[in-house]
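Subject: The structure you asked about

Hi,

Here is the structure I promised to pass on.

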Amino acid sequence: MKLKKLVLCFENEDTISISVAYIKNFLISNVQQHGNRTYVFNQEHKIDCEDYYDCNYMSLEVDYEKLNQFRSNQTGEFDADRINKHHDIVHIDLYFENDKVERIYLPWENRETTNGVENVLQINEISINEAVSQSSYFDKIPEDMKENVLAAEKDDPFLNHKLLSVNVQGR
């Protein structure tokens, strides 16, 4: 199955949709499928899920500037800024090209903040995807591997872009 997009779902019920065109890397590991699960929100709304998944680790790297062109969330913040500022991704919905959708819940441990409830297990980081060939590290790469590095950089659509990394690791 080929991934079309993913939707980050937050503790305050915000959602942000991310096209695969903006994703540099995405990894979910130790995924387990479970059966029927019922959620009750504010004792008024009941949501039933037939199947759901949990994971122990999630890593996502997205193009910060491209994602920050949008304000698709309820807070009014630009999407990348909203993800980076708050640590409250509860689950991810994966949308595949065959119209299948899978929901995967992330590891979660509460922390009360002035912004509301956040996840202490979520770590966000901003970096620049710099060219290895332009760094002092390139001189340390064996000569027979340098051509591979240059080829990989040539094909990297995220080269020299600002990246937002989001990692959630269970304990």
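Predicted model: local features only at pLDDT ≥ 70, side-chain atom pairs only at ≥ 80, totals over all residues.

Have a look at the open sheet built from four strands, which come in the order 3-8-14-13 with antiparallel pairing. Which strands are at the edges? They are strand 3 (23-29) and strand 13 (122-128); each has a single partner strand, so one side of each has no neighbour in the sheet. Going from one strand to the next, the twist averages 15 degrees.

Strand 13 pairs with strand 14 (residues 162-169) through seven bridges, in the antiparallel sense. If you want a landmark there, Asn124 sits opposite Val166 of strand 14.

Ser59 belongs to strand 8 (residues 57-63), and its side chain makes a polar contact of 2.8 Å with the side chain of Asn167. Beyond its sequence neighbours up to four places away, Ser59 touches Asn25, Phe26, Leu27, Val166 and Asn167.

Strand 1 (residues 3-10) and strand 2 run antiparallel and are joined by five bridges. Lys5 has Ser19 in strand 2 as its bridge partner. Four residues lie between the two strands of this hairpin, and Glu13 has a positive phi there, near 75 degrees.

**Two loop residues with positive phi**

Asn30 is not a glycine, yet its phi is positive, about 55 degrees. You'll find Asn30 in the loop between strand 3 and strand 4 (32-34). Is Asn30 buried or exposed? With 51% relative accessibility, Asn30 counts as exposed.

Asp99 is another non-glycine residue with a positive phi, near 70 degrees. Asp99 lies in the loop that runs between strand 9 (89-96) and strand 10 (101-105). Asp99 is exposed too, at 62% relative accessibility.

**Cysteines**

How many disulfides are there? The count is zero. The cysteine sulfur closest to that of Cys55 is in Cys9, and it is 13 Å away, which is too far for a bond; the cut-off used is 2.5 Å between the sulfur atoms. Cys9 is buried at 7% relative accessibility, and Cys55 is buried at 8%.

Glu77 is in the loop between helix 1 (64-67) and helix 2 (79-85). With 17% relative accessibility, Glu77 counts as buried, because the cut-off for that is under 20%. The Glu77 side chain makes a polar contact of 2.8 Å with the side chain of Thr75 and one of 3.2 Å with the side chain of His86. Setting aside residues within four places in sequence, Glu77 is in contact with Phe70, Arg71, Arg82, Lys85 and His86.

**Salt bridges**

The count here comes to eleven salt bridges. Some of them are worth a look:

- Glu65 and Lys162 meet at 3.8 Å, N to O. This pair links distant parts of the chain, with Glu65 in helix 1 and Lys162 in strand 14, 97 residues apart. Glu65 is partly exposed at 45% relative accessibility, and Lys162 is partly exposed at 27%.
- Lys100 and Glu102 form a salt bridge with their closest N and O atoms 3.2 Å apart. Lys100 is partly exposed at 36% relative accessibility, whereas Glu102 is buried at 14%.
- Arg171 and Glu109 form a salt bridge with their closest N and O atoms 2.7 Å apart. Arg171 is in the segment after strand 14 and Glu109 is in the loop between strand 10 and strand 11 (110-113), so the pair ties together parts 62 residues apart in sequence. Arg171 is exposed, with a relative accessible area of 75%, while Glu109 is partly exposed at 29% relative accessibility.

There is also a network: Asp14, Arg82 and Asp88 are joined by salt bridges that share partners.

Cheers

Definitions and conventions. Residues numbered from 1 in each chain as written. Heavy atoms only, no water. Pairing = 2+ DSSP bridges. Axes fitted to C-alpha atoms, helices over the stretch in contact; angles between N-to-C directions. Buried < 20%, exposed > 50% of the residue type's maximum accessible area, 1.4 Å probe, protein only. Polar contact = N/O pair within 3.5 Å; in protein donor to acceptor, adjacent residues only side chain to side chain. Contact = heavy atoms within 4.5 Å. Salt bridge = Lys/Arg side-chain N within 4 Å of Asp/Glu carboxyl O.
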